[in-house]
Amino acid sequence: MSSLPALHPKLALFEDGDAATVLPVVDHYCGVEVRMRKSLELQAEMGPVFDITLDCEDGAPIGGEAEHVQLVTELLHSAHNRHGRVGARVHPFDHPSFEADVDGLIAGAGERLAFLMIPKPRSAEELARACAFIDERLQHHGTQKPLPLHTLIETHGALRDVMQIAAHPRIESLSFGLMDFVSAHRGAIPRHALTAEGQFSHPLIARAKLEISAAAHAHAKTPSHCVVTEFKNSVALQAAATRAAREFGYTRMWSIHPNQIQPILDAFAPSAAEVDEALEIIQAAQAAQWAPIQHRDVLHDRASYRFFWHLLERAHATGQPLPAEARLAYFSGD
């Protein structure tokens with residue numbers, strides 16, 4: 001038997017830059033002060049199994065944008081932000097408040113931000129300009145912590161350029177903006193397409209979802225699924241989250257109400273049987289120094305090892321119980 005040390009799956013299975021950053025499965029949006037505070041308290045209680053995006057776009061009252069940025073800055077410094085998984089959404093690049101949002105957040109809490117969300121880019125070129133401005137402000141304020149950038153695909157131009165956008169080195173995640181995308185069709189898409197069921201059956205929306213997911217995966221970025229607005233209908237939410245994960249390839253999803261967080265986590269989580277199988281295969285592969293193996297009369301090699309490793313990452317990201325030995329071996333640095 002080989003005496004070589006067992007390589008961690010990330011080192012054995014991926015080239016530099018080939019593995020996507022694993023983000024929490026839920027991105028929880030809130031913009032009203034009482035809801036932002038309650039969300040921070042909930043995250044402190046549940047742990048970093050979901051992100052929070054404090055909303056400076058739709059959450060800010062007209063005329064009160066600067067005050068809202070100050071409030072968000074204060075919340076980022078809150079003792080409840082103990083896991084470092086709180087970001088913010090700014091106004092679109094062409095909005096008068098974009099530059100002030102970015103400058104205020106970076107100046108006041110640049111080291112505390114987990115990410116910035118850039119909404120409504122109309123092209124890859126516009127997004128690049130937004131990223132460049134953010135990077136200039138980071139340098140200006142001497143922010144040392146890397147600040148990942150996320151973006152929303154919700155305009156015709158962004159969907160047209162989605163592969164270029166996904167390729168941008170500063171972009172970590174792409175989200176689908178369902179409601180603005182439907183509105184951009186000037187009434188040609190019926191209201192039913194905004195529902196939990198209708199958004200999967202309308203061809204134009206299904207096409208957009210698939211193109212976003214495919215572009216994100218092509219460039220090792222995280223595709224984030226849109227909201228389900230029927231926040232009291234847990235059955236519809238569970239069905240939508242399951243389809244997003246199992247049929248459309250999304251690895252992250254928006255929540256707009258605290259009651260949506262756990263159902264999304266449950267829908268995106270692998271089953272106990274899937275986790276058990278993945279652990280058996282990864283451990284056997286590691287023992288074989290990542291050479292091909294036979295497991296339950298099925299041959300496996302590095303291609304399938306990557307699949308099962310991603311499954312274990314998803315289990316960890318959704319808070320699924322893993323044996324203590326596996327947690328220590330694979331996720332002790334998280």
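Analyst: Here is a run through the labels, each set against its cut-off.

This is a predicted model, where local features need pLDDT of at least 70, side-chain atom pairs count only at pLDDT 80 or more, and totals for chains, interfaces and linings use all residues. Residues are numbered from 1 along each chain as its sequence is written, and side-chain values use heavy atoms, with hydrogens and water left out.

User: What makes the chain as compact as a globular protein of its length?

Analyst: Start with the inventory: 15 helices and 10 strands, where helices (H or I, at least four residues) and strands (E, at least two) are DSSP runs, numbered from the N terminus. The chain's radius of gyration is 20 Å, close to the 20 Å that the globule rule gives for 334 residues, so the chain is as compact as a globular protein of that length. The radius is taken over C-alpha atoms, and the rule is 2.2 Å times the number of residues to the power 0.38. Along its principal axes, the C-alpha trace spans about 70 × 45 × 35 Å.

User: How many of the chain's contacts link residues 24 or more positions apart?

Analyst: Those pairs account for 73% of the contacts with a separation of 6 or more; contact means heavy atoms within 4.5 Å.

User: How do you know which strands pair in the closed barrel?

Analyst: Two strands pair if DSSP finds at least two bridges between them. β1 (residues 26–30) and β8 (residues 252–255) have three bridges in the parallel sense, with D27 partnered by W254. The closed barrel has eight strands, running β1-β2-β3-β4-β5-β6-β7-β8 with parallel pairing. From one strand to the next, the twist averages 30°.

User: Which other pairs can you put bridge counts on?

Analyst: β4 (residues 116–118) and β5 pair parallel over three bridges, with M117 partnered by H150 in β5. Five bridges join β5 to β6, again parallel, and L149 stands opposite I171 there. Then β6 and β7 (residues 222–225) run parallel with three bridges, and S175 faces S224 in β7.

User: What does helix α2 touch on the sheet, and at what angle to β2?

Analyst: α2 (residues 33–46) packs on the sheet and touches β1, β2 (50–55) and β3 (86–89); its direction makes about 165° with that of β2. Axes here are lines fitted to C-alpha atoms, for helices over the stretch in contact, and angles run from 0 to 180 degrees between N-to-C directions.

User: Why is β5 called largely enclosed?

Analyst: Buried means under 20% relative accessible area, exposed over 50%, partly exposed in between (1.4 Å probe, protein chains only). Five of the five residues of β5 (residues 149–153) are buried, so the strand is largely enclosed by the rest of the structure. L149, T151 and I153 point one way, H150 and L152 the other, and all are buried. For β6 (residues 171–176), six of the six residues are buried, so this strand is also largely enclosed by the rest of the structure. Across the chain, buried residues make up 52% of the 334.

User: Why is D161 called buried?

Analyst: Its relative accessibility is 10%, so D161 counts as buried, the cut-off being under 20%. D161 lies in the loop between α6 (156–160) and α7 (162–167). Not counting residues up to four places away in sequence, D161 touches S123 and A124.

User: And E247: buried, exposed or in between?

Analyst: E247 has a relative accessible area of 49%, so it is partly exposed. E247 sits in the loop between α11 (234–246) and β8.

User: How do you know that the annotated binding-site residues cluster in space?

Analyst: The "binding site" annotation in UniProt (unreviewed entry) covers R89 and E154. Although spread over 66 residues of sequence, they cluster in space, with a largest C-alpha distance of 14.4 Å. UniProt positions are in the numbering used here, feature names are shortened, and annotations may be inferred rather than shown by experiment.

User: What makes R89 buried, and what does R89 touch?

Analyst: At 6% relative accessibility, R89 falls under the cut-off and so counts as buried. R89 is in strand β3, and its contacts beyond four places in sequence include Y29, D55, M117, L152 and W254.
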